[in-house]
Structure formats: structure tokens, C-alpha cells
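Okay everyone, thanks for coming. Let me put the model up, and then we'll go through its charged side chains.

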Amino acid sequence: MNQENCGKTHLARKEFNDYTMNSEALIEAAINMGVDSYFTDFPGLAMELEKRNKEVRRSRITS
């Protein structure tokens, strides 16, 4: 998983998916990279990170 591959996939109008994101760092990287979906053994952590990321993006828009 890297930004270049994610970007190329999106340019080809395809979804970029990754699997087994089982650390906070990997999940955050996937979110920040714009991965369309990912799999994890820790859905609670992923949901919290997704929520936190959404709040950060919202605060940037309203600032």
C-alpha cells in the first residue's frame, strides 16, 4: 500500500482496497491515503480513527 499505487488505481477509476490493517499506524495511513476500504481485526479502533479523521477534516473546512 502506497500513495502512488492508490493514485494510479483511482486514476483508472477503480477502487483501492487493502487488507489486514491491524495497527493504528497502518489504519491511519490507509485513511489518509484515501483507500476506499480495508479489512482489520480491530474494527473498534478503525471506527474511532475514522471518526477522529472525519472531525479533523471538518475542522479544517470550517477554519
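So, are Lys 8 and Glu 4 buried or exposed? Lys 8 is exposed, and Glu 4 is too; exposed is over 50% relative accessible area, buried under 20%, partly exposed in between, with a 1.4 Å probe and protein chains only.

Quick housekeeping: this is a predicted model, where local features need pLDDT of at least 70, side-chain atom pairs count only at pLDDT 80 or more, and totals for chains, interfaces and linings use all residues. Residues are numbered from 1 along each chain as its sequence is written, and side-chain values use heavy atoms, with hydrogens and water left out.

Back to our pair. Both sit in helix H1, four residues apart, about one turn of the helix; helices are DSSP runs of H or I, at least four residues, numbered from the N terminus.

How many salt bridges does the structure hold? Three. Arg 52 makes one with Glu 24, closest N and O atoms 3.8 Å apart. That one links distant parts of the chain, helix H3 to helix H2, 28 residues apart. Arg 52 also pairs with Glu 28, at 3.6 Å. Glu 28 is in H2 and Arg 52 in H3, so this pair ties together parts 24 residues apart in sequence. Put together, Glu 24, Glu 28 and Arg 52 form a salt-bridge network.

And accessibility there? Arg 52 is partly exposed at 37%, Glu 24 likewise at 37%, and Glu 28 is partly exposed at 30%.

How values were computed
A salt bridge is a side-chain nitrogen of Lys or Arg within 4 Å of a carboxyl oxygen of Asp or Glu. Helices (H or I, at least four residues) and strands (E, at least two) are DSSP runs, numbered from the N terminus.
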